[in-house]
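Thanks for coming. I will go through one protein chain today, starting with the overall picture and then moving to single residues. Please have the model open while I talk.

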Amino acid sequence: MATITPTFTLTSTDVASDSLSITTTDSLAVTASTNISRKSIATGSAQAVLGSNSSFSYVYMKVVSSSNSAAWVQVLLGGDAKLKMRVGEFAFFPLYSSQAITAEAQTAACVVEYAQYVANV
C-alpha cells in the first residue's frame, strides 16, 4: 500500500476585506496508480483521457499548454460536462468507479497532464 499526500492552499490579501489563508492536507492510502501522462486534446469532439475505472480513485488533471492563451478544456465525467479548465489550471478530485473521463479542447488544441490513483478502500 502506498500513500499520497495532497495539500491545498488558498491565499489572498485583496479578494475580501480580510486576508484569506486556507490550507488543508490529507493522507490517502492508494493501491495502484497510473504514471503521470500527457495527452494532446483536439477541438471538435470529446476524446478519452481515462477509460472507465474499475475502482474508486483519485484523479489529478492539469491543462499544461496550448498555442492559444484563450483556449480551455471541457472535462466530461461519465459523459456529462463538469469542469472548465483554462491553461495552467488544475484539479484533484475523488472519482466513483465506472466513470470515464473525456475532454474536448475549445478554441485550440491543449495538452493535458493527468494521473489516476486507486483508493485503498
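What follows is a short walk through this predicted model.

First, some ground rules. The model is predicted, so local features need pLDDT of at least 70 and side-chain atom pairs count only at pLDDT 80 or more, while totals for chains, interfaces and linings use all residues. Residues are numbered from 1 along each chain as its sequence is written, and side-chain values use heavy atoms, with hydrogens and water left out.

Now the overall picture. How many helices and strands does the protein chain have? The count is zero helices and twelve strands. Here helices (H or I, at least four residues) and strands (E, at least two) are DSSP runs, numbered from the N terminus. Read from the N terminus, then, the order of elements is β-β-β-β-β-β-β-β-β-β-β-β. Along the principal axes, the C-alpha atoms fill a box of roughly 45 × 40 × 25 Å.

Next, burial. Buried means under 20% relative accessible area, exposed means over 50%, and partly exposed is in between, with a 1.4 Å probe and protein chains only. By that rule, 32% of the 121 residues in the protein chain are buried. The accessible surface is about 7,100 Å², and carbon and sulfur atoms hold 49% of that surface. Those areas come from the Shrake-Rupley method with a 1.4 Å probe, and for residues only the protein chains shown count as cover.

What share of the contacts with a separation of 6 or more joins residues 24 or more positions apart? The share is 75%. A contact means heavy atoms within 4.5 Å.

On to charges. Lys and Arg count as positive, Asp and Glu as negative, and His and the chain ends are not counted. Each charge is placed at NZ of Lys, CZ of Arg, CG of Asp or CD of Glu. The protein chain has 6 positive and 7 negative charges, and their mean positions are 9 Å apart.

Side chains of opposite charge can pair when their charged atoms come close. A salt bridge is a side-chain nitrogen of Lys or Arg within 4 Å of a carboxyl oxygen of Asp or Glu. A search of the whole structure finds two of them.

Are the two partners buried or exposed? R38 is exposed because its relative accessible area is 54%, whereas E113 is buried because its relative accessibility is 15%.

The side chains of R86 and E89 also meet in a salt bridge, at 4.0 Å from N to O. R86 is partly exposed, at 44% relative accessible area, and E89 is partly exposed too, at 32%.

Now look at the loop between strand 4 (28–33) and strand 5 (37–41), where N35 lies. N35 counts as exposed, with 65% relative accessibility. Which residues does N35 touch, leaving aside neighbours within four places in sequence? They are Y114 and A115. N35 and A115 are 80 residues apart along the chain, and their C-alpha atoms are separated by 6.1 Å.

A71 gives another loop to look at, between strand 7 (57–66) and strand 8 (72–77). A71 is buried because its relative accessible area is 1%. Beyond its neighbours within four places in sequence, A71 is in contact with several residues, including S66, R86 and T107.

T107 brings us to backbone angles. Most residues other than glycine have a negative phi, and most peptide bonds are trans. T107 is not a glycine, yet its phi is positive, at about 80°. T107 sits in the loop between strand 11 and strand 12, and counts as exposed at 52% relative accessibility.

S98 also has a positive phi, near 65°, and is a residue other than glycine. Its place is the loop between strand 10 (90–95) and strand 11 (101–106). S98 counts as exposed, at 52% relative accessibility.

That is the tour. Please bring up any residue you want to look at again.
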